[in-house]
Amino acid sequence: MQNLYLFPLADYWWLYGVFGLLVMGVLALDLGVFHRKAHAVSVKEAAVWTGVWVSLALLFCLGFWQYAHHKFPVYAPLLEALAEKGVVGEAAVAEAARFADRAALEFLTGYVVEQALSVDNIFVFIVIFNFFGIPAQYQHRVLFYGILGAVIFRIGFIALGVALIHLHVVVWLLGAFLVFTGVKVFFSEDKELEPEKNPLIRALKGWFPVTPSFEGQRFVVRKHGILHITPLFVCLACVEVTDIVFAVDSVPAIFAITKEPLIVFTSNIFAILGLRSMFFLLAGVMHKFHLLKYGLGLILVFVGLKMVWLDHAFGGKFPIGVSLGIIGGVLALSVVASLIIPPKDEPEPAG
């Protein structure tokens with residue numbers, strides 16, 4: 001039977017459009033109202049915004065689940081597909097309801113995976129901001145436009161994934177890549193990031209003159225008729241390149257959870273939108289979670305195995321509720337272990 005999307009783009013284009021307008025509206029409200037003036041984001045403010053973004057994601061998940069329960073029982077193409085399996089009548093409605101439950105759980109699992117993997121971004125953002133000496137009051141502006149660019153790039157990655165994910169060879173390659181990346185985490189040493197060696201950064205400095213100091217929160221300025229870029233723009237470019245690199249891991253990871261374009265798109269975007277507030281909330285304590293990278297490595301290995309083996313072993317779909325439990329458990333365990341077990345380079349407290 002030909003692969004059937006629960007939310008085909010041809011029928012649900014309006015939902016993509018409404019979601020896109022909602023995202024643009026919230027971003028405009030964020031920058032134009034709440035962060036109109038440059039200021040250092042406090043932990044309290046970051047905690048509030050983190051709660052806002054997580055709440056919006058959960059509200060969307062709830063609305064998505066309720067809509068799916070309402071829509072699926074009368075969704076003819078889906079029922080036709082179920083009829084081909086010999087499921088009819090009330091059983092068909094019950095089967096459709098299970099599809100609705102699974103879709104909501106896939107969104108939630110994909111969102112948790114993307115949020116977890118975005119922790120790596122926070123580590124790198126800290127290094128980048130320290131390297132360029134970005135004042136605290138300008139960091140939100142850099143991240144805002146960095147996230148805006150990330151949304152655009154992720155849409156491209158997701159569109160490419162949707163076009164290729166139904167090719168078995170692509171599934172195997174992506175799954176193997178995730179397993180390899182996860183295993184690599186356990187054996188790779190933490191290397192100091194060197195933004196000055198980034199080819200794009202070096203190219204920018206060769207193409208445009210760079211102002212010796214910050215020009216407020218401006219990215220470009222014109223001096224003596226010549227366009228200059230500021231260190232803030234160079235930092236933004238570095239942030240964008242970093243997100244593209246991380247997208248190579250995170251986008252395949254979410255396709256291991258679900259192949260539904262709508263779920264991949266919405267869960268990914270929600271996770272990206274919450275990244276700024278999570279950065280300001282966790283930046284000061286990230287050093288305490290020294291074992292978290294191993295948890296992220298295990299998650300990558302798990303979703304890679306799910307893609308190339310577990311789904312097939314469980315009749316085409318590994319139970320999504322079990323997947324969510326495993327991912328959440330690994331994250332919780334790595335955080336707790338980080339707080340209990342001191343880093344190797346940290347001296348034991350005197351007894």
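**Notes on the predicted model**

1. In this predicted model, 45% of the 351 residues of the chain count as buried. The secondary structure comprises 13 helices and two strands, and the chain exposes about 17,900 Å², of which carbon and sulfur atoms supply 69%.

2. Among contacts in the chain with a separation of 6 or more, 80% are accounted for by residues 24 or more positions apart.

3. The largest nonpolar core holds 94 residues, and the members that touch the most others are F7, V142, F279, L296, I299, V303 and I327. Helix 9, spanning residues 231–257, contributes the largest share of this core, with 15 residues. As general background, nonpolar side chains in soluble globular proteins tend to be buried together.

4. T109 deserves a separate comment: this residue lies in helix 4, which covers residues 89–117, and T109 counts as buried because its relative accessible area is 1%, where the cut-off is under 20%. A polar atom of the T109 side chain lies 2.8 Å from the backbone oxygen of L105, a separation that falls within the 3.5 Å used for a polar contact.

5. Setting aside neighbours within four places in sequence, T109 is in contact with I257, I320, L324 and I327. I327, in turn, touches T109, V112, V113, I257, I299, F302 and V303, again not counting residues up to four places away in sequence.

Key:
Residues numbered from 1 in each chain as written. Predicted model: local features only at pLDDT ≥ 70, side-chain atom pairs only at ≥ 80, totals over all residues. Heavy atoms only, no water. Helix = DSSP H or I, 4+ residues; strand = E, 2+ residues; numbered from the N terminus. Buried < 20%, exposed > 50% of the residue type's maximum accessible area, 1.4 Å probe, protein only. Polar contact = N/O pair within 3.5 Å; in protein donor to acceptor, adjacent residues only side chain to side chain. Contact = heavy atoms within 4.5 Å. Core = buried A, V, L, I, M, F, W, Y, C linked by side-chain atoms within 4.5 Å. Areas by Shrake-Rupley, 256 points an atom, 1.4 Å probe, with all protein chains shown as cover.
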